[in-house]
Amino acid sequence: MVEMTGRCFCGAVNWRASGEILWAALCHCEDCRRAASSDYVSWLGVERDKTEWQGPRKCYSSSPGVTRSYCKDCGSPLSFETEVFPNETHLYAATLDQPELYNPTAHIFWSEHLPWVQIGDGLPKHEKGLQAAAKAGKVIL
Ligand SMILES: [Zn+2]
Ligand SMILES: [Zn+2]
C-alpha cells in the first residue's frame with residue numbers, strides 16, 4: 001500500500017492515489033509524445049477509484065474511448081484513461097511528488113520511438129502497447 005501525490009507545474013492541480021502502482025512503463029507512441037511535447041512519457045497505472053483530484057483540471061477526448069486531462073492554468077498534461085482499462089488511471093510519473101517510487105519495467109511502442117532517442121537501460125522494448133496487448137489477451141507488463 002502506497003500513498004502517492006502529484007501536481008502540475010503551477011501547483012493548481014493536485015492528485016492523490018492510494019493502493020499499488022499497477023504497472024510502470026515508458027511510452028514512445030506518437031500520441032503520448034505529442035500530448036506531452038516530449039521524447040517519450042513515463043507512465044504509471046493506478047486504481048481509478050482510489051485516485052482523487054483537486055484543482056482546475058480540463059478533461060478532453062483525445063481519441064475514441066480515451067480521455068486525457070491537463071491543468072487549465074498551466075497546461076501540464078496530467079492523466080490518461082481508456083475504456084479498455086476502465087478501472088485504471090494512467091498518471092505521468094513526472095508529476096509525482098515522490099519520484100523515488102517510480103521504477104519503470106519496460107518501454108512500450110518502441111516501434112514509434114524518435115530517431116534521436118537511444119536507450120541503454122536494459123529494459124525490454126515492446127513494439128506495441130498495453131491496449132493492443134490486452135485486446136490480444138496478452139499481459140506484457
Ligand atoms: Zn497547473
Ligand atoms: Zn503512448
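Biologist: What joins E8 to E9, and through how many residues?
Modeller: A hairpin does, through 5 residues. Strands here are DSSP runs (E, at least two residues), numbered from the N terminus. Keep in mind it's a predicted model: local features need pLDDT of at least 70, side-chain atom pairs count only at pLDDT 80 or more, and totals for chains, interfaces and linings use all residues. Residues are numbered from 1 along each chain as its sequence is written, while chains are lettered from A and ligands numbered from 1 in the order in which they are written.
Biologist: OK. How many bridges join E8 to E9?
Modeller: 2 bridges, with E8 (residues 77-82) and E9 running antiparallel. Two strands pair if DSSP finds at least two bridges between them. Ser-79 has Leu-91 of E9 as its bridge partner.
Biologist: And which residue of E9 does Leu-44 stand opposite?
Modeller: Leu-91. E4 (residues 41-47) and E9 (residues 88-92) are joined by 5 bridges and run antiparallel.
Biologist: Is E9 mostly covered or uncovered?
Modeller: Mostly covered, with 5 of its 5 residues buried (20 or more other C-beta atoms within 10 Å of a residue's own, with C-beta atoms placed from the backbone). Glu-88, His-90 and Tyr-92 are buried on one side, Thr-89 and Leu-91 on the other. In a regular strand, side chains alternate between the two faces of the sheet.
Biologist: Switching topic: what's the strand order in the sheet?
Modeller: E6-E7-E8-E9-E4-E3-E10, an open sheet of 7 strands with mixed pairing. E6 (57-63) and E10 (106-108) are the edge strands, each pairing on one side only.

Notes: Helix = DSSP H or I, 4+ residues; strand = E, 2+ residues; numbered from the N terminus. Buried ≥ 20, exposed ≤ 12 C-beta atoms within 10 Å, placed from the backbone.
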